[in-house]
Amino acid sequence: MSLHPLAGKPAPQSMLSNIPRIMTAYFTQSPDPGDPGQAVSFGTSGHRGTSLGRTFNEEHILAITQAVCEYRSSMNIKGPLFLGIDTHALSEAAMATAVEVLAANEVDVFLQENGGYTPTPVISHAILSHNRGRIADDPGRADGIVVTPSHNPPDNGGFKYNPPHGGPAGSGETKAIQDRANELLAGGSKDVRRIPLARALSASTTHFRDYIGPYVEDLQNVVDMQLIRGGGLSIGVDPMGGSGIGYWMPIAERYGLDLELVNTRVDPTFSFVPLDKDGKIRMDCSSPWAMSGLLHLKDKYDIAFGNDPDYDRHGIVTREGLMNPNHYLAVSVWYLFQNRPEWPKAAAVGKTLVTSAMVDRVAKSLGRALAEVPVGFKWFVDGLLAGGLRFWRRGERRRLFPAQERFGVDHGQGRHHHGPPGSGDHHPHRQGPGPHLPRSGVAVRPTSVRAPGGPGHA
């Protein structure tokens with residue numbers, strides 16, 4: 001693909017998404033049940049699309065949410081459902097639709113108080129914290145929904161389900177939800193239970209909570225925050241208008257970090273994000289073009305970070321430029337397997353088939369087995385839950401994921417398409433022990449809570 005002449009530059013007004021038109025289409029246009037391209041289609045773990053393309057409209061969300069409610073019932077999941085959204089224009093509307101259905105189905109749903117945004121890893125953290133110590137079939141276990149199309153362009157919407165293990169739903173779960181949702185669409189959504197939004201928000205089953213505080217407080221139990229503070233690093237952060245924008249300063253204040261936000265704007269057009277290589281606005285923190293604004297500031301900070309909208313990955317900028325994720329991850333594998341004595345000797349390094357062979361060589365030098373799987377985080381879930389994997393890396397989305405910890409760190413990204421044609425390009429937690437986990441001496445920076453950092457999805 002040739003480089004777009006405006007790559008790395010601000011988008012002209014003519015290239016910005018028409019938000020009123022996008023929102024109007026969400027509520028007024030309906031998918032054709034007979035057109036497979038307009039059906040509910042889960043990728044790695046969620047459905048994505050555009051309202052103008054009739055692949056992400058209110059009827060899709062009504063059907064998917066009802067299908068999630070029915071799936072929870074079939075699995076005897078009666079605990080809370082933690083719901084979070086990112087900053088895409090369609091996310092707020094889809095959340096409102098989902099709450100109407102969840103309340104009608106008497107699901108205890110928890111939303112961020114004051115209408116705030118919630119990163120994907122924070123929802124995973126909430127699920128894992130609630131489910132800690134619960135047996136596999138405990139009816140009180142929690143699950144979650146994250147409304148996000150990840151780093152996809154501003155006109156995209158996304159909706160994904162996290163089962164009780166906290167990570168992305170597996171193929172069995174997504175197939176059940178997808179198939180039932182399409183049945184509901186084909187039936188004209190007559191079997192969808194729904195109440196008006198005002199009633200849903202005031203229902204006894206709808207709750208508002210602070211997701212930020214517990215997440216920020218728990219970071220010290222998986223990352224040595226004092227080591228970072230003691231290093232005296234000057235840290236720059238470009239939230240890129242994403243859902244973690246409200247987390248960075250509480251982290252800095254709680255742990256005494258020298259951290260500066262270089263951009264505090266939240267704008268559904270993402271007009272402040274430089275155009276990507278192909279001339280699209282794409283909040284891809286592994287792209288030197290989308291990250292060009294932060295790269296211009298590289299000499300101002302010792303280290304800097306950028307995030308995608310749902311904060312399940314980040315890009316790292318040093319004074320040498322945008323760090324190559326392969327280099328960082330290879331060193332991380334090498335370091336962690338030598339400095340986590342509590343990890344089982346048989347624990348393997350997990351990677352997808354398209355991952356750099358550099359990781360293979362490091363695993364071999366450590367005497368560790370290498371587990372290769374297809375692209376998609378769902379292929380790692382079983383190994384992480386069972387404890388057989390301690391580090392994983394997915395495709396060109398680079399991720400560090402110690403299975404013994406409830407926070408992961410995702411470094412950079414590549415692109416994997418999810419959802420029907422035209423829905424944009426996208427990418428994808430696990431249930432674990434309690435919050436008091438062994439600390440690492442490595443200064444791994446949270447990028448959501450997958451950094452600020454946590455387990456992740458797509």
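Predicted model: local features only at pLDDT ≥ 70, side-chain atom pairs only at ≥ 80, totals over all residues.
Student: How do you know that the length of H2 agrees with what a helix should span?

Tutor: The expected span is 1.5 Å times one less than the number of residues. For the 17 residues of H2 that gives 24 Å, and its end C-alpha atoms are 24 Å apart, so the two agree. Helices here are DSSP runs of H or I with at least four residues, while strands are E runs of at least two, numbered from the N terminus.

Student: What does H2 (residues 58-74) touch when it packs on the sheet?

Tutor: First, the sheet: an open one of 6 strands, in the order S1-S5-S4-S2-S3-S6, with mixed pairing. S1 (46-50) and S6 (206-209) each have a single partner strand, so they stand at the edges. The twist averages 20 degrees from one strand to the next. H2 touches S1, S2, S4 (143-147) and S5 (156-162), contact being heavy atoms within 4.5 Å. Its direction makes about 5 degrees with that of S5; axes are lines fitted to C-alpha atoms (for helices over the stretch in contact), with angles from 0 to 180 degrees between N-to-C directions.

Student: How do you know that S2 and S3 are paired?

Tutor: Pairing takes at least two DSSP bridges. S2 (residues 81-85) and S3 (residues 109-112) have 2 and run parallel, so they qualify. In one of these strands' pairings, phenylalanine 82 has phenylalanine 110 in S3 as its bridge partner.

Student: What makes the buried residues of H9 line one face?

Tutor: In H9 (residues 248-255), Trp248, Ile251, Ala252 and Tyr255 are buried. Seen down the axis, they fall within an arc of 95 degrees, so they line one face; that arc is taken from the directions from the helix axis to the C-beta atoms. They pack against elements including helix H7 (212-218) and strand S9 (303-307). Just after H9, glycine 256 takes a positive phi of about 65 degrees.

Methods
Residues numbered from 1 in each chain as written. Heavy atoms only, no water. Buried < 20%, exposed > 50% of the residue type's maximum accessible area, 1.4 Å probe, protein only.
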